[in-house]
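Have a look at the model first, then read on.

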Amino acid sequence: MQVLKMATTWDVYHGATPEIEATVRSEEAFEALRQAIKKMSRQRVRHGGSRIEYSIKLVG
């Protein structure tokens with residue numbers, strides 16, 4: 001399997017452990033998951049928490 005696209009937070013890119021790691025096989029799933037995680041992260045930050053660290057890979 002080849003990684004076609006990857007979305008990750010800056011901290012995970014630089015070595016932090018992600019809270020969410022996912023591997024998906026379709027572009028639609030990749031975008032839906034990325035948007036959902038970003039929305040949850042913004043809500044958590046608004047309520048005083050830290051942002052969600054994630055890593056998503058689209059494989060083909």
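## Around Ser41

Leaving aside residues up to four places away in sequence, Ser41 touches Arg51 and Ile52 (contact means heavy atoms within 4.5 Å). Ser41 sits in helix H2, and its relative accessible area of 10% makes it buried (under 20% counts as buried, over 50% as exposed, and in between as partly exposed, with a 1.4 Å probe and protein chains only).

A word on the ground rules: this is a predicted model, where local features need pLDDT of at least 70 and side-chain atom pairs count only at pLDDT 80 or more, while totals for chains, interfaces and linings use all residues. Residues are numbered from 1 along each chain as its sequence is written, and side-chain values use heavy atoms, with hydrogens and water left out.

## The overall layout

Going along the sequence, you get the pattern β-α-β-α-β, made of two helices and three strands. Both kinds of element are DSSP runs numbered from the N terminus: helices are H or I with at least four residues, strands are E with at least two.

The C-alpha atoms fill a box of roughly 40 × 25 × 15 Å along the principal axes. Of the 60 residues, 28% are buried. Take the contacts between residues at least 6 apart in sequence, and 75% of them join residues at least 24 apart.

## The sheet and its helix

The three strands form an open sheet in the order E1-E3-E2, with mixed pairing (two strands pair if DSSP finds at least two bridges between them). Strands E1 (3-8) and E2 (20-24) are at the edges with a single partner strand each, so one side of each has no neighbour in the sheet. On average, neighbouring strands are turned by 10° against each other, direction ignored.

E2 and E3 (residues 54-59) run parallel and are joined by five bridges. Glu21, for instance, has Ser55 as its bridge partner in E3. Helix H2 (residues 27-46) packs on this sheet, touching E1, E2 and E3, and its direction makes about 170° with that of E3. Axes here are lines fitted to C-alpha atoms, for helices over the stretch in contact, and angles run from 0 to 180 degrees between N-to-C directions.
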